[in-house]
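Colleague: I am new to this structure and would like to go through it with you. Could you show it to me before I ask anything?

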Amino acid sequence: MTVDHAKPAAVGADRPAVKRTPAPKARRRSDRDGKWWTPWLFLAPALILFVYFKFIPMITAVTMSFQDVQPYLGNQWVGGQNYSTVLGDEAFHSAIWHTVVIAIGQTAGSMIIGLALALLMEGQSKRLKFLRSAAFLPVVVPIAVVAELWRIMYHPTEDGMLNSILGLVGLGPSGFINDPDSSMISVIITGIWRGAPYDMMIFLAGLAGIDRGLYEAATVDGASRWRKILHVTLPGLRSVFSILFVLAAIRGLRVFTEVFLLTNGGPNGSTEVAMTLIYKLGLEQNRLGVGAAGAVLLFLATLVLTLFVQVLRRRRDA
Amino acid sequence: MTAANDSALGLDAVKSPAGRILKFVLYALLLLVFAGPLLALLVSAFNDVSDPTALSVVPSSPTLDNFGIAFDLGVGMYLLNSFLVVGFGLLLQVVISVLAGYALARKKFRFMTFVLVAILATLMLPEEILAIPLSLILSDLPVVHLNLIGSLAGMIVPLGAWAFSILVMTEFMKDVPRELEEAARIDGAGDLRIFAQIILPMCKPALGVIGVFGFTMIWDQYLLPLLVSTDASTYTLPLALRTLRIDTNVTPGVIMAASLLALLPSVAAFLFFQRSFVRGLASGALKG
């Protein structure tokens, strides 16, 4: 932070002048803070947009989930019917299962590889800085580009880019996203490619906060590199782990764009996730109420997960 | 302190020949996995790639035709749409965030905590979940009854409600010393002048953070433009990539050329403002 600390000291000399003219308390307050509505003027643009594009949609989502939504015809109140449709729907069950598998796979993969990247590339040298920037690039590449690039790399014939690499080590060819048996893992790998460097940056920030003296002390005690990691580094990263877990899990549950572009739920529905199904229900089949019920359930799952991790953290810290 | 304790693994201190070779192999592998695909994209954009199997990191027949074909297919217009959305969207987002940040950081008023919590709560609310109701609301905005579906405005206006930027500005503005503001008040400055001439100039680092983050976030948007656009005339470039691919006459080389144009702005933003970016990433995540 580069706030200039020299100025306030110089200005401070003027302060007694204020005290010499004691005004009535109420007036002084309004002099200093302006009218009561001043803050609301500054807040108004933000509040209007938040009401329009966050709060009204949130309320609409909840009300829609209890209605049979028919644009222009008027909505029918149907109680919990949308929810029972969603919960009883075979397609939704497998979509939720796929979502959970992708969320767990991407979260675990990104965190493990991200931690490995961070440990390997921690340091001050120019070369490491360059390597870190290069490894971070996938995070800032638009997700739509990531999907198009991987679609082509996943080309299912043996001349495809990844298949020819697999061929070098005597494996494959794999159908990747075109084969129901390998489509899930392919989607997960693409997600990890983009998620691991993100986690790496957060881990690096956490690593920078670990007391160097502890490493020094461990070395003096003759601890091996492995033991230093186990007993100094990992405990020092505990809060980073839980934050990354929440962020990655939420990212996993709401997964949409990469699935939509890589497989659009196929082949044979093998990668259909909650959001692609909600999108299809809502916007392609116009079953808006059912889609909304699915969205509300997904939101509740996110909320429960976040609270669960918060409670775990509190309990451990206490 | 020895170099061995500068980092957890102390790899910088490894100097033995075997260790150096191992390090080189490891780093080369990392680079290959994470930057290799992007290198393949770059090379293929400038290469005559007629089918997906020809994607490689070695140029065989260099050409600029891919870009020519891409522009013939309207990539120029999609790129312009993307820049309009990111330009106006970011402007709106930053203006709204600094104004709201000023009120939340420098003022005390009734219901302040309530407002702050309400704004913060939206951080927990994935935009995907609001997608369907949001598209309904955009088709008929309550009270003013405007239909923003099918227009770039429909993609731009919702970007103004971005809690992360408000949070960053509020936290930063809290740290500007009170004395500066009080001195200006004695000189008779009103809130608008204090905001514009005292608080805002001190917040340049925070503006850098929300600027570069907002830019990459908006540039990466997919679902909102997908819901709002009704035909190709309002597609942003990321959105157009899918329709390009569906055209069977379009070679992978052309898609990679369009992809390169779609990734350059956000990669450039990251590389030029790397310090702001990393700082925002770390503070945003570690405070959470």
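Modeller: To begin with H1(B), its buried residues are Leu30(B), Phe34(B), Pro37(B), Leu38(B), Ala40(B), Leu41(B), Ser44(B) and Ala45(B). Keep in mind that this is a predicted model.

Colleague: How far apart are the end C-alpha atoms of H1(B), and what span should its residues give?

Modeller: H1(B) has 29 residues, counted at 1.5 Å a residue.

Colleague: Where in H1(B) does a kink lie?

Modeller: The kink is of about 50°. It comes shortly before the proline Pro37(B), which is itself among the buried residues of the helix. The residue at the kink is Ala35(B).

Colleague: Into which domains is chain B divided, and how far apart are their C-alpha centres?

Modeller: Chain B is divided into domain 1, residues 3-67, and domain 2, residues 73-287. The contact between them takes 13 residues from domain 1 of chain B and eight residues from domain 2 of chain B. The C-alpha centres of the two domains are separated by 32 Å.

Colleague: Which helix gives the most to the side of domain 1 of chain B that touches domain 2 of chain B?

Modeller: On that side, H1 and helix H2 (65-72) of chain B each supply at least two residues. By class, the side has seven nonpolar, four polar and two charged residues. The helix that gives the most, with four residues, is H1(B).

Colleague: Is Val209(B) buried or exposed?

Modeller: Val209(B) lies in helix H10 (residues 204-219) of chain B. A residue needs 20 or more C-beta neighbours within 10 Å to count as buried. Val209(B) has 26 inside 10 Å, so Val209(B) is buried.

Colleague: Which residues does Val209(B) touch, leaving out those up to four places away in sequence?

Modeller: Being 100 residues from Val209(B) along the chain, Phe109(B) has its C-alpha atom 27 Å from that of Val209(B). The residues that Val209(B) touches are Val168(B), Ser276(B), Arg279(B) and Gly280(B).

Note on methods. Residues numbered from 1 in each chain as written. Chains lettered and ligands numbered in written order. Predicted model: local features only at pLDDT ≥ 70, side-chain atom pairs only at ≥ 80, totals over all residues. Buried ≥ 20, exposed ≤ 12 C-beta atoms within 10 Å, placed from the backbone. Contact = placed C-beta atoms within 7 Å. Expected span 1.5 Å × (residues − 1). Bend = angle between axes of the 7 residues up to and from the residue. Domains from an automatic or database assignment. Nonpolar A, V, L, I, M, F, W, Y, C, P; charged D, E, K, R; others polar.
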